[in-house]
Amino acid sequence: MDDNPARPAPGQAICALADIPEPGAAGFRYREGEAMFAGFVVRKDGGVFGYVDSCPHAGWPLAGFNGRFLTRENDLILCAGHAALFRIADGACVAGPCGGKFLTVWPITVEDGQVLAA
């Protein structure tokens with residue numbers, strides 16, 4: 001875990017699982033003083049995956065102005081800035097200028113229908 005004071009502490013509730021479509025994704029922003037943490041959660045095929053909202057190639061947020069994290073087919077994570085594509089299950093870049101890089105995992109868990117920071 002990094003030392004970002006805005007990053008949700010383990011056990012902190014993020015949202016209800018039902019608030020994220022299946023398949024689909026939702027982004028979350030947290031602020032603590034001047035620090036900010038941005039993450040997103042993806043649901044697909046019964047799995048729930050959390051990632052830091054930062055492109056490993058350019059460092060900018062993945063979702064564009066429309067807030068969309070997934071391709072139209074909901075099968076890959078999309079960087080709106082330069083169209084890089086990432087696998088949902090492990091965050092590996094499969095297309096675009098970030099080949100061989102991975103999204104940073106945001107550890108999450110699901111308990112009693114709630115998505116929690118882990």
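Is W106 buried or exposed? W106 is buried, with a relative accessible area of 1%; buried means under 20% and exposed over 50%, with partly exposed in between, for a 1.4 Å probe and protein chains only. This is a predicted model, in which local features need pLDDT of at least 70 and side-chain atom pairs count only at pLDDT 80 or more, while totals for chains, interfaces and linings use all residues. Residues are numbered from 1 along each chain as its sequence is written, and side-chain values use heavy atoms, with hydrogens and water left out.

**View 1. The whole protein chain.** The chain has 0 helices and 9 strands. Helices (H or I, at least four residues) and strands (E, at least two) are DSSP runs, numbered from the N terminus. The C-alpha atoms fill a box of roughly 35 × 35 × 25 Å along the principal axes. Buried residues account for 41% of the 118 residues. Of the contacts (heavy atoms within 4.5 Å) between residues at least 6 apart in sequence, 44% join residues at least 24 apart.

**View 2. F37 against W106.** These two rings form an edge-to-face aromatic pair, 5.1 Å centre to centre with 65° between the planes. Rings of Phe, Tyr and Trp (its six-membered ring) pair if their centres lie within 6.5 Å; planes under 30 degrees apart are stacked, over 60 edge-to-face, and the rest tilted. F37 sits in strand β3 (residues 35-44) and W106 in the loop between β7 and β8 (108-111), so the pair ties together parts 69 residues apart in sequence. F37 is buried, at 3% relative accessibility. One aromatic cluster takes in F28, Y30, F37 and W106.

**View 3. F40 on F69.** The ring centres of F40 and F69 are 4.4 Å apart and the planes meet at 15°, so this pair is stacked. It links distant parts of the chain: F40 belongs to strand β3, F69 to the loop between β4 (47-52) and β5, 29 residues apart. Both F40 and F69 are buried.

View 4. Two strands pair if DSSP finds at least two bridges between them. Strand β6 (residues 85-87) pairs with β7 over 2 bridges, in the antiparallel sense. L85 has A95 of β7 as its bridge partner.
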